[in-house]
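I opened this model to look up how its pieces pack. My notes follow the structure.

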Amino acid sequence: MQKYISEQNLNTLIDTLIAAGTRVVAPRMSAGIPLYEPLENSAEMIIDQLPRRSAKEAFFPVCEEIMSYEKEGQQVKINDVDPSRFPETVLVGVRPCDAAAIPVLDAVFSWDYKDEFFLERRRKTTIIGLACTAADDACFCTAVGLSPAETRGSDLFLTPLNGGGYACQSYSEKGEALITTNSNLFSELNNAAPLPLAAPQADKIDLKKVKSWLDGHFEDPLWDGIAVRCVGCGACAFVCPACHCFDIVDEGTEKAGKRRKSWDACGFWKFTHHASGHNPRDLQPKRYRNRIMHKFKYYDDKFGQTLCTGCGRCVRICPVGIDIAAIVEEISNKEIS
Amino acid sequence: MCDTTNTNIYLPYLTTVAEVIDETPDVRTLRLVFQDEQIRNTFSFRAGQFAEYSAFGAGEATFCIASSPTRRGYIECSFRSVGRVTEELRRLEVGDSMGFRGPYGNSYPIEEFYGKNMVFVAGGIALPPLRTLIWNCLDLRDKFGDITIVYGARAEADLVYKRELQEWQERADVRLVKTVDPGGNGPEWDGKVGFVPTILEETAPSAENTIALVCGPPIMIKFTLPVLEKLGFSDEQVYTTLENRMKCGLGKCGRCNVGNVYVCKDGPVFTAKQIKAMPMEF
């Protein structure tokens, strides 16, 4: 059943959670840039601003320690990083495009070997999604089959109401529990109308058709054409809610140091560079092809999901104006031979 | 085995360097023994699997396990020093600690090879991924028919496992054909002179009831596959291993894929039939 929560009570909820030791992550201004970051109090939250990077980093940080080592003579001591130390977390104000990407990431981090760094944070995090009321030219969630009211990935989902406050619907036990333990902050939903939702201009793209074309066009002139401008900066992967490629590096001295897992990008030349000097993706078109193929074919082949939720961040941030939505649309219009 | 229930899948086992063998001026073999007694006694793997080896402070590098699963108590890796991690691994001395994460990937379906003749074709530094299987076969010698090894390198000095080549040459139940590229032979050279594909054609092993295993630089593989075809081998009878840059080895970090095939999970062992169905991305 839908509940109502006022803006003031949402702030009270956040402050209550923080006071109880819960990590609350929400859009917040960080050195002039809106990011999903831990709040010190509810006043820091800027719920109406779309963060520059996605919410994935609450589960998959930009860089994190996975172990440390200490050397003493010929002996090495390895110190494990216990994932159970991760704090209980509530994510507030997560855009539907960001929330929908989290279950997509579950697939890669939980198949076969389990990445507890991701999964333990996942278990300990409650996601409060927020219906989107403002879209810009780059938004294309509607093109990839989602919408500004998509609830996938959200444990609780807030819909802004005309006249203030939010309609609140729970979609999981975690969401239900949050309402139950803070029931004084929620009330019965009156008949206030929701604010008009955002209306991204992008028309729905037939992703099955896109995949069918990709299945048969690993070699195609398209790749040279679209990637000729790409400078391989990797920004698209870093702002993407679904990109999850990572590097593992040691940082330290002869005596002691840490091993870290950090974000990486298939647009980088070094990503696939062999020590021998050989590089199977030696040119930018091959790397850009991998980006499109991974999102719209390989991930689908393996997990039955698309690795793109149409958030538009890569379109906004690309220094040379590459528009993935336009490329995928172009592919969807191709004749399938 | 690095079991899937381990909380931190990125944590390596600690091993001790038990032996250092210089194969060539820049290729070295390390024999490693697990420090934990229980792992030392229970660790098992299959020929063809690989691992992540760490030099703490430099990082991890991916190599196959070069020793045979039939030789218990230790594992070996052979590598050329070409990068940051391998340079650090090269500094390790007997008694030093080294990290090992694995075994990962698929393996040679050796049980399917029982009763068949085996032809191994390798070039240069690519003998290690076959050496694990060669010794596996030799340690179960009566399960296999004829065993032929065609191995070549640019020059005599570039041949790895020289002591073992000597041993194979002396064994009556192995046919070793060793070769060096034209100009790579010294005055004492007692092998063939010529490129591996040419020498393979000259050796002409029968394709009848035979499995061919090929490992080498891409150029060698390119010219070897047509020779095998000419000798009557079907693509299902030919196996190779792929190598791509890897970090996790666990099907997550996203860089070793050839099209939608993950070398770390679906490979590294593939048949020529599987390789030919892949896009050219290796």
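I am working with a predicted model, where local features need pLDDT of at least 70, side-chain atom pairs count only at pLDDT 80 or more, and totals for chains, interfaces and linings use all residues. Residues are numbered from 1 along each chain as its sequence is written, while chains are lettered from A and ligands numbered from 1 in the order in which they are written.

Contact here requires C-beta atoms, placed from the backbone, within 7 Å.

Helices (H or I, at least four residues) and strands (E, at least two) are DSSP runs, numbered from the N terminus. Ala, Val, Leu, Ile, Met, Phe, Trp, Tyr, Cys and Pro count as nonpolar, Asp, Glu, Lys and Arg as charged, and the others, Gly among them, as polar.

**Helix pair in chain A.** I took α5 (207-215) and α10 (324-332) of chain A. They pack at about 80°, with axes 8 Å apart. Axes are lines fitted to C-alpha atoms, for helices over the stretch in contact, and angles run from 0 to 180 degrees between N-to-C directions. The two helices are therefore roughly perpendicular, a term for 65 to 115 degrees. A:K209, A:V210 and A:W213 in α5(A) meet A:V328, A:I331 and A:S332 in α10(A). That contact has four nonpolar, one polar and one charged residues.

**Sheet in chain B.** I read an open sheet of six antiparallel strands, ordered β4-β3-β6-β1-β2-β5. Pairing needs at least two DSSP bridges. β4 (59-64) and β5 (75-80) of chain B are the edges; each has a single partner strand, so one side of each lacks a neighbour in the sheet. The twist averages 40° from one strand to the next.

I then followed β3 (50-55) of chain B, which pairs with β4(B) over six bridges. B:S54 stands opposite B:E60 in β4(B). Helix α2 (84-91) of chain B packs on the sheet, touching β2 (27-34), β3, β4 and β5 of chain B. Its direction makes about 85° with that of β4(B).

Definitions and conventions
Parallel < 35°, antiparallel > 145°, perpendicular 65-115°, else oblique. Contact = placed C-beta atoms within 7 Å.
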